[in-house]
Amino acid sequence: MIAPPGPGTTTVRPSAAPPPPTPRPPQEQTAAAPRAPQPEATLPAGAPQQQYDQAFALLARADYDGAERALKGFLRQHPNDNLAGNAQYWLGETYYVRQDYQNAAIAFGEGFQRYPKNAKSPDNLLKLGMSLAQLNRKPEACAALGRLDQAADAPANVKDRGKRERQRLGC
């Protein structure tokens, strides 16, 4: 089961880091075919935390389509909320778990760029690299995964996973 991140999930990261590789359409896409846009989920009235919790509950129940819509709605309504960086990461996860690696790469890349101080920033970088690897874009995947070594605030488990992925890819 996926556990939601707790409050106060932001950390300070240097802003001088170059952006991750921008996902581009692959020549051979191994991911699922693009889906038609889904209508936005209705979020409950109330505080952003309540809306985020509702979106996350859909994800925890493996309702990935519903979670995608709810997280997109949350991000539209609250792009500058403290939970927006987390919501962006979990949006990427809704794509990744459904093997929609193109949209996952875009979501994780946007999360890394838009919310560099969020605690999920290193996770975004890791999953960006993993998504790019699934799209057979090894040089870009290796570049993204290699940046984890420079992320001073990346948790050890995220750095270790990035190292294993680089070894697997032969970076």
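1. In this predicted model, Cys142 and Cys171 are joined in a disulfide, with 1.9 Å between their sulfur atoms. The structure contains one disulfide.

2. The bond between Cys142 and Cys171 is left-handed, with a value of -75 degrees about S-S. The two cysteines lie 29 residues apart, and the pair links distant parts of the chain. Cys142 belongs to helix α6 (residues 138–146), whereas Cys171 sits in the segment after α7 (156–169).

3. The two partners may be assigned to accessibility classes. Cys142 has a relative accessibility of 16% and therefore counts as buried, the cut-off being under 20%. Cys171 has a relative accessible area of 49%, so this residue is partly exposed; the exposed class begins over 50%.

4. Helix α3 (residues 84–97) packs with helix α5 (residues 121–134) at an angle of about 25 degrees, and their axes are 11 Å apart. Because angles under 35 degrees count as roughly parallel, α3 and α5 are roughly parallel to each other. The crossing of α3 past α5 is left-handed.

5. Which residues of α3 and α5 meet? From α3, the contact involves Tyr89, Glu93 and Tyr96. The residues they meet in α5 are Asp123, Asn124, Lys127, Met130, Ser131 and Gln134. By class, the contact of α3 with α5 comprises three nonpolar, three polar and three charged residues.

Conventions. Residues numbered from 1 in each chain as written. Predicted model: local features only at pLDDT ≥ 70, side-chain atom pairs only at ≥ 80, totals over all residues. Heavy atoms only, no water. Axes fitted to C-alpha atoms, helices over the stretch in contact; angles between N-to-C directions. Helix = DSSP H or I, 4+ residues; strand = E, 2+ residues; numbered from the N terminus. Parallel < 35°, antiparallel > 145°, perpendicular 65-115°, else oblique. Left-handed = near helix turned anticlockwise from the far one by under 90°. Contact = heavy atoms within 4.5 Å. Nonpolar A, V, L, I, M, F, W, Y, C, P; charged D, E, K, R; others polar. Disulfide = S-S within 2.5 Å. Buried < 20%, exposed > 50% of the residue type's maximum accessible area, 1.4 Å probe, protein only.
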